[in-house]
Amino acid sequence: MIVLKEKLLNLSELISASFEAFQKAAVNMVLLNLLAYALCIPVFLVIIGIGAGAAFTSFSGAAISADMPPEVMSQMLFTNPLVILFILLTILFSVGIMAFITATNIVYAEHVVLDTPAMKLWDAIVKGFKLSFSVACNFFLLFIVWIAVMALLGGLGYLFYASESYGLLVLLVFLGLAGLMVLFFLSVYIMFFSQTIVLRGKTLLGAFKYSIDLVKNYYWLTVGYFLVIFVIISTFSAAINIVGMIINLIFGLLAAGNETAAIIINGLVSLLLLPIKVLPGILGTLSFTMLFLNRDFIINGGGSDDAKVDYSATVSVSDPNKTIPPSTSAPKPPKPDNKVETLDIN
């Protein structure tokens with residue numbers, strides 16, 4: 001029987017155990033995600049209200065037409081402080097809710113993977129919320145890096161195109177693709193960042209170092225795991241999106257000619273499909289959390305001294321419902337030496 005702390009899981013063991021955990025916890029984790037999204041609705045409505053106010057104050061009294069010059073439209077929008085506030089809040093909200101959902105899922109996934117006593121959904125929500133700021137900092141940092149790279153490539157591309165330096169433009173395309181590949185391979189080193197913050201309580205910089213230590217001696221193995229899991233999750237997600245598109249198309253044809261009805265139907269279909277759309281993310285969280293816990297125990301013995309996970313009872317990969325309890329028997333005393341010492345008087 002293979003246990004989580006006994007050896008590094010191979011790919012087939014990881015995938016098999018992840019799907020077993022997924023079947024066991026999918027319903028509870030879907031409810032967990034829906035509850036987390038529901039708690040974010042008031043903030044979302046406030047942001048929508050600010051956006052509506054920004055649009056009203058920007059265009060009230062203005063003659064808006066399809067042939068309005070783009071520079072005039074931009075000037076009307078971006079000179080309004082409410083528009084700037086709306087854009088900033090939208091970015092922060094998007095990053096924040098992604099961090100909140102991620103942290104909450106990781107908290108609950110730990111209990112599923114280790115088969116510890118059942119955790120209440122609200123307890124996972126509270127703990128995930130407390131840890132979401134640090135996770136959001138990581139997401140925001142990656143977002144800034146991505147935007148900076150895209151802006152640099154876009155700016156250079158426009159400069160070369162405007163100067164008709166097409167040779168340099170082609171070179172820039174190849175360099176850009178190479179740069180994106182380099183960014184991907186570097187990002188593998190921090191793929192356990194969120195799990196490290198949530199499950200090990202590390203600081204921002206400490207989490208980077210901890211994740212790098214878990215990956216560096218198993219880099220290409222980790223890349224392979226990531227790609228396989230990513231393909232599985234992407235295929236799962238694409239299938240769900242195709243089903244959603246077909247349903248929208250069917251109802252869209254029924255509501256042909258009524259734009260309001262089409263918008264309402266599209267919103268209702270998206271809402272009804274939300275419990276299904278979160279399933280790929282749940283599977284990914286379970287897989288990467290299981291990989292993190294296994295890798296962390298083998299390399300670090302279960303984490304640092306302040307780790308909160310009790311590895312004395314570990315989970316069987318072949319049967320996640322079974323645990324191996326810690327040994328409670330006292331150590332046996334050494335056997336007495338039955339040899340009789342004799343004194344040589346000669």
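Where is the place of M150? M150 sits in helix α4, where helices (H or I, at least four residues) and strands (E, at least two) are DSSP runs numbered from the N terminus. With a relative accessible area of 31%, M150 is partly exposed; buried means under 20%, exposed over 50%, and partly exposed in between, with a 1.4 Å probe and protein chains only.

Before I go on, the basis. This is a predicted model, in which local features need pLDDT of at least 70, side-chain atom pairs count only at pLDDT 80 or more, and totals for chains, interfaces and linings use all residues. Residues are numbered from 1 along each chain as its sequence is written, and side-chain values use heavy atoms, with hydrogens and water left out.

Now the pocket. The largest pocket has a volume of about 1,600 Å³. A pocket here is an open set of points on a 1 Å grid over the protein atoms alone, where a 1.4 Å probe fits, with protein on both sides within 12 Å along at least five of seven lines; lining residues have an atom within 4 Å of a point. The volume is the space filled by probe spheres set on the points, which are joined across faces, edges and corners. The lining has 41 residues, and those closest to the centre are M98, T102, F139, L142 and F226. Helix α3 gives the largest share of the lining, 8 residues.

Next, the aromatic residues. There are 12 aromatic pairs in the structure. Rings of Phe, Tyr and Trp (its six-membered ring) pair if their centres lie within 6.5 Å; planes under 30 degrees apart count as stacked, over 60 as edge-to-face and the rest as tilted. F44 and F93 have ring centres 6.1 Å apart and planes at 35°, so this pair is tilted. The pair links distant parts of the chain, with F44 in helix α1 (residues 11-59) and F93 in helix α3 (residues 81-114), 49 residues apart. F44 is partly exposed at 41% relative accessible area, while F93, at 18%, counts as buried.

The pair of F226 and F230 is stacked, at 6.0 Å centre to centre and 15° between the planes. Both are in helix α8 (residues 219-254), and because they are 4 residues apart, about one helical turn separates them. F226 counts as partly exposed at 23% relative accessibility, and F230 counts as partly exposed at 49%. One aromatic cluster is formed by F184, F185, Y189, Y219, W220, F226, F230 and F288.
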